Amino acid sequence: MGKVSSKDILPIMEKFKRLTQHKPNKITPADVSGPIKRRKKRKDILKTRQKATREPRQNRRGSIAVGRKIVEAFREEVLSSNATMKVSKREKQNSSVDEKMSMNHSQFSVPKNTFGIAIDDSKIQRKLLAKLLDCVGIPHDRCTVVGDGRDEIMGFEDYVISFIERHPQDYFFLVVDENLDVLDDSSNHETVSGSIIVQNIRKRLPPDAEKRMVAIIRSANDSSSDIAIYISRAHGFIAKGPIKRDKVNETIAPIWLNRFPSTETITETGSEAGTERGSNLSNYDVSLPYDVSREMTTINNAIESNLHVTNLERFQGQMNNLKSNLLAIKSDASIIPIIGMINLILQNPASDVTERWYNIRNRVDGVLSCALHKNFRVPKNTHGIALDSSRIQRKLLSNFFLRIGIPDNRSTIVGEKRDEIMGFEDFVINFSNHHKDSFLLVVVHENLDVESESSGRERLSGSLFVKNIRERLSKEGEGRMLILIQSKNSSPSDVAVYNSCAHGYL
């Protein structure tokens, strides 16, 4: 028990007072007023004994009962305090275990001998599935993502079974879309259930092979009844949405560890390895808003041609894909009303589809515009070229190119010497002619200080350089180029001059 302090006694004293009903003749505080004479003490003892002999037996029985209650109260207090200490200790241990598991989930990685197989009929979702497999630590050469066309969807079941049987020493991680839309050459539409495919795969596989597989259903339909169906056929469920490593690991890790509790799944190098793993894939996919924009155009043309009347199943498949792809861009409150509108069209496609679609399109345009501005990156086939006579500004321009997605090996920044400035026009034109499959982002400073041949200094106008470049380029070459003027002079008249020579002002 350890040492007993005054605080430990207080609860016992309170119970004792309740038992004695606060009567002063039952218990009194000790007399600590000073020394007591021996004679007086003896007289008091004799009086007490005489009084006790005269008391009825019933009172003595009552005193014994009170004493027993005091002992019980003391025992109850001690036991309850010990139990409380044990419970609090157990709670601390459990919380530490939970914290440890949470830390492990953030560093989750499947075993190295794991293959990833995924299927989705949407091109956009197949891109995201490749990122999802990367998030759990499956390298690119061990990943297979299919779903492009009828043959890949209808043959998926046989393909997975054959693949697993050919690799008896490996694990398998399957991610399967629930609604797989199949189109044949005659434009007939059919929707195949991904969870039923998984159920068939599990039944057809031998027990020892099925034990090496984890199959997860991925869907935008995440009601409790839908999830119950998915889990009854597969090993788990993950909702469609933005692919973020932490959220993916928090969902996948418990499913995997429940299926394979004895496998080594935590990366040895910790969060450092997790950051390196898929550092380029886990970022936001800048092409996603463009893909969704093209998908919106396709659906808009389908509605104008009354596809929702002539081929309802195909139209519903397009709307389901749109819903999934929108969730991949954002999953916050701005998307919820749009998803609700899409669900209304799916539930009642015969009522005011055109008017509802226009409302959806206007809202989606706002979401796409916001996503493009917030996560803007130039296309991968873009080169950056910059001209500035200041060394400090040249360093800043290098950082600017990196920030918008142009790596160092695709950027050229000049302006240190006179020859670089005076030969800039010819350099840009020749570069454009030799890179006809690429875009060019050119940033030119307006005030370029150049050493003249007479050892003096002269200032040249960058906007005039840009004007000459645009006039000398072919229409096709100029169409692949975006040229911006950079300057501290930002008066309306100056900006108007820059915009007349270049495409914009920075």
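## An aromatic pair in the interior

Phenylalanine 172 is buried, its relative accessible area being 0%, where buried means under 20%, exposed over 50% and partly exposed in between (1.4 Å probe, protein chains only). The model is predicted: local features need pLDDT of at least 70 and side-chain atom pairs count only at pLDDT 80 or more, whereas totals for chains, interfaces and linings use all residues. Residues are numbered from 1 along each chain as its sequence is written, and side-chain values use heavy atoms, with hydrogens and water left out.

Phenylalanine 172 forms an edge-to-face aromatic pair with phenylalanine 163, at 6.0 Å centre to centre and with 85° between the planes. Rings of Phe, Tyr and Trp (its six-membered ring) pair if their centres lie within 6.5 Å; planes under 30 degrees apart count as stacked, over 60 as edge-to-face and the rest as tilted. Phenylalanine 163 is also buried, with a relative accessible area of 9%.

## Other rings

The structure holds 12 aromatic pairs. Ring pairs link Phe163 and Phe172 with Phe115 and Tyr159 into a cluster. Over the ring of phenylalanine 115 sits the charged end of arginine 142, 3.8 Å from the ring centre; this requires NZ of Lys or CZ of Arg within 6 Å of the ring centre and within 35 degrees of the ring normal.

Phenylalanine 427 and phenylalanine 431 both belong to helix H19 (residues 424-434) and are 4 residues apart, about one turn of the helix. Helices (H or I, at least four residues) and strands (E, at least two) are DSSP runs, numbered from the N terminus. Phenylalanine 427 is partly exposed at 33% relative accessible area, while phenylalanine 431 counts as buried at 14%.

## Nonpolar cores

The largest nonpolar core has 51 residues, and Phe173, Val292 and Met319 have the most contacts inside it. Such a core is a set of buried Ala, Val, Leu, Ile, Met, Phe, Trp, Tyr and Cys residues joined through side-chain atoms within 4.5 Å. Among the elements that give two or more residues to this core are strand S3 (171-177) and helix H12 (288-304). A second, separate core of 27 residues includes Ile117, Val146, Ile153 and Ile161.

## A strand with two faces

In a regular strand the side chains alternate between the two faces of the sheet. Strand S11 (residues 447-451) has Leu448 and Val450 on a covered face, and Asn447, Asp449 and Glu451 on an uncovered one. S11 runs antiparallel to strand S12 (residues 457-461), joined to it by 5 bridges; two strands pair if DSSP finds at least two bridges between them. Glutamate 451 has arginine 457 in S12 as its bridge partner.
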